[in-house]
Every structure is written in C-alpha cells, then in structure tokens.
Amino acid sequence: MELVFLLEQVVNGLLVAAYYLLIALGLSLIFSLAGIVNLAHGAFYAIGAYSAVVIGNRFGFAASFVCAPLLVAAIGMVVERFLFRRFYRADPVLTLLLTFGLAMIAEQSLRMIFGAAPIPFSMPEWLSGVVFVGDFIYPKYRLGMLGVAAAAVLGTWLLINKTSFGKIVRAGVQNPDMVGVLGISLAPVMTVMVAIGVGLAGLAGVMLAPITGVHPAMGNEIMVAAFVVVVIGGLGSFWGVVLAAILVGVVRGITVYYVPPAAEASMYLLMFLVLLVRPRGLLGERIEKFE
C-alpha cells in the first residue's frame, strides 16, 4: 500500500512537471530565438485560464480547450509585432522592464474585468471519475492532462526538428546574421515562435483552470517555478527544459510524500545543487565566464 501511495505522488509530480513544462518551454523558445526574457509569460497563462472560463461557460469545455490557446497565441502575435519587435536589439534591461510592465497591466486588467475573487471552472462530466489499475487509483482528467502535455511537447519538437520552418528557427538561433544574408527574414519566424510559446502557456492555463481555480495573480505564482525549470535545464535547451521539468515535478511529488513542509523548497534546493555542479544548467550551453 505504501508503494501505491508513493507511485501516486510520483504521478502527481509528473502532472506538476507537465504544466511547468508547457510554461517553461514557451519561455525558453522565446528566449532562444528573440533573446527576450519574457516576464509577462505568466500573464498569457492567466489569460488562457480566463479565456477558458468565458468560452467554456458559453460553448462548453471542448471549445474552450481548442479556442483559448489559439486566442492567447493571437494576442501573443500582436504583442510581438507591436512591442517585442522594437526591442530585439535593445538593452536586455529594457525588455525586462517592458515585459514586467506588461505582466502588471495584464494582471490589473483581469482584476478590473473579472474581479479579484477566484472563479471556479468545472471540468466536464465525461472527464470526471477515476481510473483503476489494481490498487492504483487516479483521476481521468489528470491522466488526460499528462497525455495532452506530452502531445504538445512532441508536436513542438517535430515542428522545430522535422520541418523546413524548424530549420530556419534553428539557424536563426545559431547565426541570425547569416540567415539574414541568405535573404530569409526572421521577423515572421519570430512572430510564429512567440505565438507558439505563449500558446503553450495558454494551454497550461486551460488545463489547470478546473484544478486550481482562476484568479488574477495566478500568472505571477507560476512564473517563479517556470524560471527555476528553465535555469535548471539550461537557457535555450529544449530537452534540458523537458528533463528539468520532470526532475522538479518528481522531486516535489516525492517530497510531498515524505516531508510535506519542504515540498515548495525542494525545487530551489534542486536548482542550487544543479547550478553548483553545472552553472550552465543540465543541457545548457557552456558559460566560459563561470566554468
């Protein structure tokens, strides 16, 4: 029985890893290509959750699951076109100030429109219930979340590594000036990558809305964990972020089982230990200054 409880916590940890991954992966993709540390990334996560509530209450959960991430992606394209694009070659401090301001504006706007109180969002009846595997019991909805997150990550990897668009993205990350010399404009590529990145955050907001509830500050709460995952995995590393999210989630799940008060601190301790050995993160590029 103790083994079953431990297995349940490990699966819970994988669930935590799933939504950390969706947010952190988009954050890392935007940084890799555009060089922008997007402090407003959590705001897109919150907008996705609120969009799910609005669309779901009118058209149902399935419609919100499809439309809310697309709406967030569209908002991200507008933000990239009129704001981010002006700061690609600017001082990084300016981009931090810009995205921090965007995050504050988004949070206060959500508070004015929807109020400060949390808004419940119920999952559909066909996703309620549990799955039995021997003595192991787990909710259907959470297993579905794991499957959706895995499919989203796989789809993103295939797009970047198995398509001509992905070749341009990888070339733009490694040598943007050379891509420009070849006559390929990176502007539309950056727009699409920002849309994908914030769309993944919006998808995480949709999936978590029935579990955590929806409130204006939810984006700020998740951003710290997302940054921890990116730092552990290594800036700009796709599989580094994936590995880091799984490690953070599983370590947190096991810590909840054995030392509940230390669950929140476990990811910071993990980050400290990783950076102590590898300042660049698990799979990040070498940083000569520190190594």
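Does Glu80 count as buried or exposed, and what is its relative accessibility? Glu80 counts as buried, at 0% relative accessibility. The model is predicted, with a mean pLDDT of 86 for the protein and 96% of residues at 70 or more.

**Confidence**

- Over residues 287-291, pLDDT stays under 50.
- For that stretch the model has six contacts beyond four places in sequence.
- Where pLDDT is low, predicted coordinates should not be read in detail.

**Salt bridges**

- There are three salt bridges in the structure.
- Side chains of opposite charge can pair when their charged atoms come close.
- Glu80 pairs with Arg85, and their closest N and O atoms are 3.2 Å apart.
- Another salt bridge joins the side chains of Arg111 and Glu107, at 3.3 Å from N to O.
- Both of these residues belong to helix H4 (residues 92-114), where they sit four residues apart, about one turn of the helix.
- An α-helix has 3.6 residues a turn, so residues three or four places apart point the same way.
- Arg111 is partly exposed at 27% relative accessibility, while Glu107 is buried with a relative accessible area of 12%.
- A further salt bridge links the side chains of Arg252 and Glu264, at 3.2 Å from N to O.
- Arg252 is in helix H10 and Glu264 in helix H11, so this pair ties together parts 12 residues apart in sequence.
- Glu264 counts as partly exposed, at 41% relative accessibility.

**Nonpolar core**

- The largest nonpolar core has 88 residues, of which Tyr20, Leu22 and Met193 touch the most other members.
- H1 gives the most to this core, with 18 residues.
- In soluble globular proteins, nonpolar side chains tend to be buried together.
- Not counting residues up to four places away in sequence, Leu22 touches Ala149, Ala152, Val153, Leu200, Ala201, Leu203, Ala204 and Met207.
- Leu33 lies in helix H1 and is buried, with a relative accessible area of 9%.
- Although 156 residues separate Leu33 and Val189 in sequence, their C-alpha atoms are 8.9 Å apart.

**Helix H8**

- Thr191 is placed in helix H8 (residues 187-212) and counts as buried at 9% relative accessibility.
- Leu203 is also placed in H8, and is buried with a relative accessible area of 10%.
- The contacts of Leu203 are Leu22, Phe65, Pro69, Val148 and Ala152, not counting residues up to four places away in sequence.
- From Leu203 to Leu33 the C-alpha distance is 21 Å, and the two are 170 residues apart in sequence.

**Helix H10**

- H10 has 21 residues and spans 31 Å from its first C-alpha to its last, close to the 30 Å expected at 1.5 Å a residue.
- Its buried residues are Phe238, Gly240, Val241, Val242, Ala244, Ala245, Val248, Gly249, Gly253 and Thr255.
- These buried residues of H10 pack against H1, helix H5 (140-161), H9 and H11.

**Helix H11**

- Helix H11 (residues 263-277) has 15 residues and reaches 22 Å from its first C-alpha to its last, close to the 21 Å expected at 1.5 Å a residue.
- Ala263, Ser266, Met267, Leu270 and Val274 are the buried residues of H11.
- Seen down the helix axis, the buried residues of H11 fall within an arc of 95°, so they line one face of the helix.
- Leu269 and Leu276, on the other side of H11, are exposed.
- The cover over the buried residues of H11 includes helix H1 (2-34), helix H9 (218-233) and helix H10 (238-258).

Notes. Residues numbered from 1 in each chain as written. Predicted model: local features only at pLDDT ≥ 70, side-chain atom pairs only at ≥ 80, totals over all residues. Heavy atoms only, no water. pLDDT = per-residue confidence, 0-100. Contact = heavy atoms within 4.5 Å. Helix = DSSP H or I, 4+ residues; strand = E, 2+ residues; numbered from the N terminus. Expected span 1.5 Å × (residues − 1). Buried < 20%, exposed > 50% of the residue type's maximum accessible area, 1.4 Å probe, protein only. Arc of directions from axis to C-beta. Core = buried A, V, L, I, M, F, W, Y, C linked by side-chain atoms within 4.5 Å. Salt bridge = Lys/Arg side-chain N within 4 Å of Asp/Glu carboxyl O.
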